Amino acid sequence: HPTPTQHTPRQAMVGVGEKRKDPPATGWPPANGERWLCFVRHAQALHNVCNDNLWTPDNPLTEDGKKQCEDARSAWGDNVFQEADLIVVSPMTRALQTAYLIGGKKANNKKYLVTPMCSEHLSGATCDEGRPVQELLENLPWMNNWAGVDKLKDEWWKEERPE
């Protein structure tokens, strides 16, 4: 059992509805051989600001979303992305753009893993549908060397995924 000054992992977690802006005050980077994973969602995308875009597949970031990425990079992202052992990102354009921008626009970073396992499940809104791999590669050529891209099915968003 933890002593009164120790925290259990659950106590150290960010609560529901809360967002952690900075890395944990202690244990960053880990000194005990732990490995750090970074899961990337996305900054503001078109469907977040205009309901009409809920019916547009694979919305990109807005200009404000790109600015959010720049701000995040300077505030905490540079440190988090440098210290992470693996950066896991969805093949959705908005998530790929977010990872690329927060990560300092590093096309050859071997830490990135692109996988549909952390993307939205189809909700009925077209914005949760992805783009075919070839179209992603044409529009986002910098992701060409990221791990997992070569394993994506052409219509990866339609693949069955466990919950």
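A residue is called buried when its relative accessible area is under 20%, exposed when it is over 50%, and partly exposed in between (1.4 Å probe, protein chains only). What you see is a predicted model, in which local features need pLDDT of at least 70 and side-chain atom pairs count only at pLDDT 80 or more, while totals for chains, interfaces and linings use all residues. Residues are numbered from 1 along each chain as its sequence is written, and side-chain values use heavy atoms, with hydrogens and water left out.

**Stop one: charged pairs**

Select Arg73 and Asp78, whose side chains meet in a salt bridge at 3.1 Å, N to O; the term stands for a side-chain nitrogen of Lys or Arg within 4 Å of a carboxyl oxygen of Asp or Glu. Arg73 is partly exposed, with a relative accessible area of 25%, and Asp78 is partly exposed as well, at 28%.

Next, select Asp128 and Arg94, which form a salt bridge with their closest N and O atoms 3.6 Å apart. Asp128 lies in the loop between β3 (112-114) and α5 (133-139), and Arg94 in helix α4 (residues 93-102), so the pair ties together parts that are 34 residues apart in sequence. Helices (H or I, at least four residues) and strands (E, at least two) are DSSP runs, numbered from the N terminus. Both Asp128 and Arg94 are buried.

Then move to Lys158 and Glu155, another salt bridge at 3.1 Å, N to O, where Lys158 counts as exposed at 53% relative accessibility and Glu155 as partly exposed at 37%. Salt bridges that share partners also join Asp58, Arg131 and Glu135 into one network.

**Stop two: the nonpolar core**

Select Phe81, Val89, Leu96, Met143 and Trp146, which touch the most other members among the 31 residues of the largest nonpolar core, a core being a set of buried Ala, Val, Leu, Ile, Met, Phe, Trp, Tyr and Cys residues joined through side-chain atoms within 4.5 Å. Helix α4 gives the most to this core, with six residues. Around Met143, leaving aside neighbours within four places in sequence, look for contacts (heavy atoms within 4.5 Å) with Leu96, Leu136, Leu137 and Val149.

**Stop three: the strand β1**

Finally, select β1, where Cys38 and Val40 make up the covered face and Leu37 and Phe39 the uncovered one. In a regular strand the side chains alternate between the two faces of the sheet. β1 and β2 pair in the parallel sense over four bridges, pairing requiring that DSSP finds at least two bridges between two strands, and Val40 stands opposite Val89 in β2.
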